[in-house]
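This briefing covers one protein chain, from its overall make-up down to single residues. The sequence and the model come first.

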Amino acid sequence: MMDPSGEDEVGHTKNGEEIFEDAEEGDCFNGNCESNGGCLDEGDALGRPGSRPGEIYARMPVPKYATHYKMDHKKRGVALIFNHEMFECFGLKSRAGTNEDCRNLSDSLRYLGFDVQIFKDLSYMELENRIRDVSAMDHTHHDCLFIAVLSHGESNIVYAKDNAYKPDILWTFFTPDRCPTLAGKPKMFFMQACQGDKLDGGVNLAMSRTETDGEIFTSYKIPSQADFLIVFSTVHEKFWIKNPMLPLKMTLPHVQAVKFLIQCDKLPIE
């Protein structure tokens with residue numbers, strides 16, 4: 001919908017063509033928008049237009065309907081690795097081999113240009129403080145954020161050195177209202193931890209090949225849930241709110257994911 005000046009709530013138009021303008025990076029503010037004479041927000045998921053007093057706005061590094069993230073900032077970004085080997089709670093055993101996993105991961109991340117920070121056997125409060133510190137950083141010139149936890153775990157639980165915690169503490173500090181300079185940028189979280197006590201026994205597969213002296217059978221084993229892609233439309237314990245103002249095709253993340261995979265010529269199976 002356009003106002004009398006010819007501007008809409010997303011960009012401005014010229015001869016019927018909508019033009020997007022990238023906002024300045026790292027700029028965030030409270031209340032109403034300080035540019036373009038109005039609010040940049042189209043409204044919440046229920047379709048209510050306008051802003052509410054005290055709301056925080058974060059400048060987006062890409063246009064609203066961009067199909068790719070902006071990955072050409074001055075720096076790739078921060079990568080945190082929380083490596084837990086020894087524990088002082090619940091009788092947990094040490095994690096043999098985790099230091100080698102940590103080394104391999106850090107080497108790969110450095111190769112990709114990340115500023116890697118490794119923390120060994122932190123208590124829960126120490127871990128949370130490190131998360132808070134990084135959340136308070138200025139990520140204006142960073143492409144993204146990467147956080148990995150190598151530890152013991154159970155269903156929706158990860159262990160620090162001295163206590164258990166829910167993994168959502170890792171990302172709640174990086175929402176746009178709490179870390180505005182990462183708004184519109186990828187924030188990746190990887191948990192190398194158990195999610196229960198059940199063993200995936202796998203499934204034996206057999207294949208055959210024909211040779212001059214007859215048919216030969218060989219077999220190997222794969223996990224029972226190999227070749228699955230599982231996509232959730234929202235995070236744990238949260239509603240998926242469908243915006244009635246958007247076209248249906250824009251509100252089905254499962255369909256979008258499938259379309260993306262179908263359009264790929266090859267998918268890695270590593």
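Predicted model: local features only at pLDDT ≥ 70, side-chain atom pairs only at ≥ 80, totals over all residues.

Residues are numbered from 1 along each chain as its sequence is written, and side-chain values use heavy atoms, with hydrogens and water left out.

**Whole chain**

- The protein chain holds 4 helices and 13 strands; helices (H or I, at least four residues) and strands (E, at least two) are DSSP runs, numbered from the N terminus.
- Of its 270 residues, 26% count as buried; buried means under 20% relative accessible area, exposed over 50%, and partly exposed in between (1.4 Å probe, protein chains only).
- Among contacts in the protein chain with a separation of 6 or more, 65% are between residues 24 or more positions apart; a contact means heavy atoms within 4.5 Å.
- The chain exposes about 18,600 Å², and carbon and sulfur atoms supply 54% of it; accessible areas come from the Shrake-Rupley method with a 1.4 Å probe, and for residues only the protein chains shown count as cover.

**Helix 1**

- Helix 1 has 14 residues and spans 20 Å from its first C-alpha to its last, close to the 20 Å expected at 1.5 Å a residue; the expected span is 1.5 Å times one less than the number of residues.
- The buried residues in helix 1 are Thr 98, Cys 102, Ser 106 and Leu 109.
- They cover an arc of only 70 degrees around the axis, which puts them on the same side of helix 1; the arc is that of the directions from the helix axis to the C-beta atoms.
- These buried residues pack against strand 5, strand 6 (115-120) and strand 7.
- Thr 98, in helix 1, has a relative accessibility of 1% and so counts as buried.
- Beyond its neighbours within four places in sequence, Thr 98 is in contact with Asn 83, His 84, Glu 85 and Leu 150.

**Helix 2**

- Helix 2 (residues 124-135) has 12 residues and reaches 16 Å from first to last C-alpha, close to the 16 Å expected at 1.5 Å a residue.
- Leu 127, Glu 128, Ile 131, Val 134 and Ser 135 are buried in helix 2.
- Seen down the axis of helix 2, its buried residues fall within an arc of 125 degrees, so they line one face of the helix.
- The buried residues of helix 2 pack against strand 5, strand 7, strand 10 and helix 3 (169-172).

- His 142 is found in strand 7 and is buried, with a relative accessible area of 8%.
- His 142 and Arg 76 are 66 residues apart in sequence but 5.3 Å apart in space, C-alpha to C-alpha.
- Leaving aside neighbours within four places in sequence, His 142 is in contact with residues including His 73, Arg 76, Met 137 and Lys 185.
- Asp 143 is also placed in strand 7 (residues 142-150), and is buried at 2% relative accessible area.
- The side chain of Asp 143 makes a polar contact with the side chain of Arg 76 at 3.0 Å; a polar contact is a pair of N or O atoms within 3.5 Å, where within protein one must be able to donate a hydrogen and the other to accept it, and residues adjacent in sequence count only if both atoms are side-chain atoms.
- A polar atom of the Asp 143 side chain also lies 3.4 Å from the backbone nitrogen of Asp 72.
- Not counting residues up to four places away in sequence, Asp 143 touches several residues, among them Lys 70, Met 71, Gly 77 and Pro 186.

- An open sheet of 3 strands has the order 8-9-10 with antiparallel pairing; two strands pair if DSSP finds at least two bridges between them.
- Strand 8 (153-154) and strand 10 (164-165) are the edge strands, each pairing on one side only.
- Strand 9 (residues 157-159) runs antiparallel to strand 10 and is joined to it by 2 bridges.
- Tyr 159 stands opposite Ala 164 in strand 10.

- Most residues other than glycine have a negative phi.
- Phe 90 has a phi near 55 degrees and lies in the loop between strand 5 (75-83) and helix 1 (98-111).
- Phe 90 counts as exposed, at 58% relative accessibility.
- Asn 156 has a positive phi of about 60 degrees and is placed in the loop between strand 8 and strand 9.
- Asn 156 is partly exposed, with a relative accessible area of 25%.
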